[in-house]
Amino acid sequence: MADQDCVRATRLAVKKRAAEELQQRVNKKKRVVLSEIQNVLGSQTQDLDENQNKIKPKRNEKKEKSDVKEGNGWEINGDDENIDDPRMCEAYASDIYEYLHNMEMEAKRRPLPDYLEKIQKDVTANMRGVLIDWLVEVGEEYKLRSDTLYLTVSYIDRFLSTNTINRKKLQLLGVSSMLIASKYEEISPPNVEDFVDITDNTYNSKEIVKMEADVLKSLKFEMGNPNVKTFLRRFTRIAQEDYEANLSLQLGFLCCYLAELSLLDYECVKFLPSLVAASVVFLARFTLQPKIHPWNNDLEHSSGYKASDLKECVGIIRDLQMSKRGSGLVAVREKYEQHKFKYVSTLSSPMEVPESFFEDIKDE
């Protein structure tokens, strides 16, 4: 009899919890969605700045007060107290990153650098940028980890490298890729109905699940490839070693901002994630201290890149930072234009990076 009472109590608790979750979902605020991306950017002559207002979701003002876990934790901050943190794997960090560097170069984990020209017939670089800009805001809405965003973009690029799709399905590809990445990275990922809601029912749950299956098959279930954030954690920590606490934190946020900006630009697809991460650190250090050489032997040794290797990538990301590229894509800029991120998106680097900074460093 006691066992039956225990079972009844357990069932009641499960039903109560399910009812609470359902009520929370019903009460969730609807958002303006991307939708009709094929009409927004059907013409290359359209002005992105004008279109941004049509596709940009409303922000949840309550998020402004949320705590920034990545900014105050071991992922960015390079304080001495983290040296003994077992999560940092100090004893074999070099071996881990050598393994990750080899992994990122595997062809099966890399998108084609020119897939828009070779594979796609109805999708443009501008459409890709608008989609990712919108996904940044979706990630903010559901408070997803930045790793989820990077994986999402990786899945999108890899899928588009082997599958031709109509622009009408580009947003469907985006939310389905984010659903997969959320399941991979998040403890409590959004469910299918959440993504139906975020698209204002532009797609139904069956369409999202079908696209999810298509993406997984295209990826051959290789979902855990290293991304820019994977390498940025280590490079940023090394870059912070000669910075004071306040400047160190600002450097961390600035690196994260520049790294997310790089996701928007199709020209960055051709670079390895580790090279983008190294370029981000180079540009962030130059932005904060433009008179000091932004690269050093420690960074060169840990990243495997000389300053000269970074020149092209640094130039592209710097153009993004200065709004010479993607000026109509504002989600990342607005995200990092907040106090909790030290307003790093308002910072700008001097007009030109001295050519001498891209010359190889002599051993000390």
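**From one residue to the whole chain**

A: Start with a single residue, bearing in mind that the model is predicted. Ala239 has a relative accessible area of 0%, so it is buried.

Q: What cut-off makes a residue buried?

A: Buried means a relative accessible area under 20%. Ala239, at 0%, is therefore buried.

Q: Which residues does Ala239 touch, leaving out those up to four places away in sequence?

A: Ala239 touches Leu251, Val281, Arg285 and Leu299. Take Arg285: 46 residues along the chain separate it from Ala239, and the two C-alpha atoms are 7.9 Å apart.

Q: Where does Ala239 lie?

A: Ala239 lies in helix α12. That helix covers residues 228-239 and has 12 residues. From first C-alpha to last it reaches 16 Å, close to the 16 Å expected at 1.5 Å a residue.

Q: How do I read the way residues are arranged around a helix?

A: An α-helix has 3.6 residues a turn, so residues three or four places apart point the same way. In α12, 12 of the 12 residues are buried, so the helix is largely enclosed by the rest of the structure. The buried residues include charged side chains, among them Lys229, Arg233, Arg234 and Arg237.

Q: How many residues of α9 are buried?

A: For α9 the count is 13 of the 16 residues, so this helix too is largely enclosed by the rest of the structure. Helix α9 runs over residues 170-185 and reaches 22 Å, close to the 22 Å expected.

Q: How many cavities of 30 Å³ or more does a search of the whole structure find?

A: The search finds two. The largest cavity holds about 300 Å³ of space. Of the 22 residues that line it, the closest to its centre are Arg110, Asp157, Val228, Leu263 and Pro273. Val228 is also one of the buried residues of α12.

Q: Which elements give two or more residues to the lining of the largest cavity?

A: They are α8 (146-160), α13 (245-264) and α14 (273-288). Helix α8 gives the most, with four residues. By type, the lining residues divide into 12 nonpolar, four polar and six charged.

Q: What do the totals say about the protein chain?

A: The chain has 17 helices and zero strands. Of its 364 residues, 51% count as buried. Among contacts between residues at least 6 apart in sequence, 81% join residues at least 24 apart. The accessible surface comes to about 18,300 Å², and carbon and sulfur atoms account for 50% of it.

Technical notes. Residues numbered from 1 in each chain as written. Predicted model: local features only at pLDDT ≥ 70, side-chain atom pairs only at ≥ 80, totals over all residues. Heavy atoms only, no water. Expected span 1.5 Å × (residues − 1). Buried < 20%, exposed > 50% of the residue type's maximum accessible area, 1.4 Å probe, protein only. Contact = heavy atoms within 4.5 Å. Areas by Shrake-Rupley, 256 points an atom, 1.4 Å probe, with all protein chains shown as cover. 1 Å grid on protein atoms, 1.4 Å probe; cavity = no way out; pocket = protein on both sides within 12 Å on 5 of 7 lines; lining within 4 Å. Points joined across faces, edges and corners; volume = space filled by probe spheres on them.
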